Amino acid sequence: MYRAGFVALIGKPNVGKSTLLNAIVGQKVSIVSDKPQTTRRRILGIATTDRYQICFVDTPGVHEPHTTLGKILNETASQALFDTDLILVVCDVSKPPDKGDESIAAMVKNALKGPKATPVLLCLNKMDLLKAHNVVAHVEAYTKLFGTDDQMMTTMTRQHNADKLVEMIVERLPEGDPIFPEDEVTDVPMRILAAELIREKALRLTRQEIPHALATVVDLWEEEPTSDLVRITASIVVEREGQKAILIGKRGSMLKQIGTEARGEIEEMLGKRVFLELFVKVREDWRQNPRMLRDLEYS
Ligand SMILES: Nc1nc2c(ncn2[C@@H]2O[C@H](COP(=O)(O)OP(=O)(O)OP(=O)(O)O)[C@@H](O)[C@H]2O)c(=O)[nH]1
Ligand SMILES: [Mg+2]
């Protein structure tokens with residue numbers, strides 16, 4: 001019997017939700033970085049086989065919000081818990097649960113108040129960083145906090161136990177036909193995926209205090225009718241001149257590298273040649289500005 005359904009991914013920032021989604025979908029649909037709050041929108045990632053279709057909904061990591069953007073991110077995450085077939089809570093098992101995990105447990109509990117008995121499954125990730133003497137205590141603490149013994153320990157960066165986790169997910173999905181066409185992997189428009197890939201490269205290549213203050217947007221997307229060339233103009237938005245200087249780098253070297261790496265992945269994604277032009281703009285306090293957040297399509 002075919003099984004298909006939606007799986008909401010929920011957890012603190014940086015625990016590996018997007019890594020999990022990409023690993024199981026088998027393609028990068030959600031960007032990954034070692035900085036918290038990498039995911040900023042709801043991202044659908046679809047894994048289809050001849051037995052099942054898992055429709056993952058990746059969400060921003062739930063955190064204590066300090067900005068309007070932060071509040072929008074948390075809201076996006078909590079909405080995903082309603083109207084889903086399974087809640088997959090991702091935790092960093094190398095550390096014991098903290099206040100952040102407690103507030104996620106409260107969110108999950110709240111979402112389960114409705115008439116639908118949505119199953120909850122725990123993915124205890126970053127097993128590679130878990131010390132042997134902490135295994136029992138951490139596993140017990142997480143299963144107790146979320147009120148379920150249904151868990152799988154994983155190392156998603158190496159796809160360790162990913163197949164076992166998939167089987168546990170599939171067992172909990174409703175029987176039914178595929179929801180999306182089998183060749184579809186996401187509902188995120190190419191233009192936004194391209195902007196996200198640029199943001200990923202910028203996050204990865206820059207250090208310092210840039211991450212939260214960085215956004216990317218595609219301003220222009222032109223497909224040449226006579227060739228397979230796509231012309232893309234995009235902006236990287238930061239909050240301060242100092243951040244702009246870091247992103248541009250010495251004689252433009254940083255921006256050039258971001259552009260080269262992003263272009264390579266965008267070309268791969270589109271199967272077309274890409275001409276990518278990048279600009280860096282300073283918009284003070286864009287994370288607090290509802291209009292800017294709308295322009296960036298975060299709300
Ligand atoms: N050691 C280790 N690192 C991991 C594992 N899974 C993910 N990571 C790393 O953890 C970091 C965060 O991964 P993401 O997938 O972006 O985390 P996220 O939960 O989506 O984060 P947000 O989008 O910010 O909420 C990246 O540097 C990953 O490479 C794992 O199993 N072990
Ligand atoms: Mg993420």
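Colleague: Is strand β2 (residues 43-48) mostly covered or mostly uncovered?
Modeller: Mostly covered: five of its six residues are buried, meaning 20 or more other C-beta atoms within 10 Å of their own, with C-beta atoms placed from the backbone. Strands here are DSSP runs of E, at least two residues, and helices are runs of H or I, at least four, numbered from the N terminus. Mind that this is a predicted model: local features need pLDDT of at least 70, side-chain atom pairs count only at pLDDT 80 or more, and totals for chains, interfaces and linings use all residues. Residues are numbered from 1 along each chain as its sequence is written, while chains are lettered from A and ligands numbered from 1 in the order in which they are written.

Colleague: Which way do β2 and β3 pair, parallel or antiparallel?
Modeller: Antiparallel, over six bridges, with β3 covering residues 52-58; pairing takes at least two DSSP bridges between two strands. They make a hairpin with three residues between them, and Ile43 has Asp58 as its bridge partner in β3.

Colleague: What's the strand order in the sheet?
Modeller: β2-β3-β1-β4-β5-β6, an open sheet with mixed pairing. β2 and β6 (151-153) are the edge strands, each pairing on one side only.

Colleague: And how many bridges join β4 to β5?
Modeller: Six, between residues 86-92 and 120-125, running parallel. Val90 stands opposite Cys123 in β5.

Colleague: Switching topic: where's Ala245?
Modeller: In helix α7 (residues 241-248). Its C-alpha atom is 9.8 Å from that of Leu255, 10 residues apart along the chain.

Methods
A residue is buried if 20 or more other C-beta atoms lie within 10 Å of its own, exposed if 12 or fewer, and partly exposed in between; C-beta atoms are placed from the backbone.
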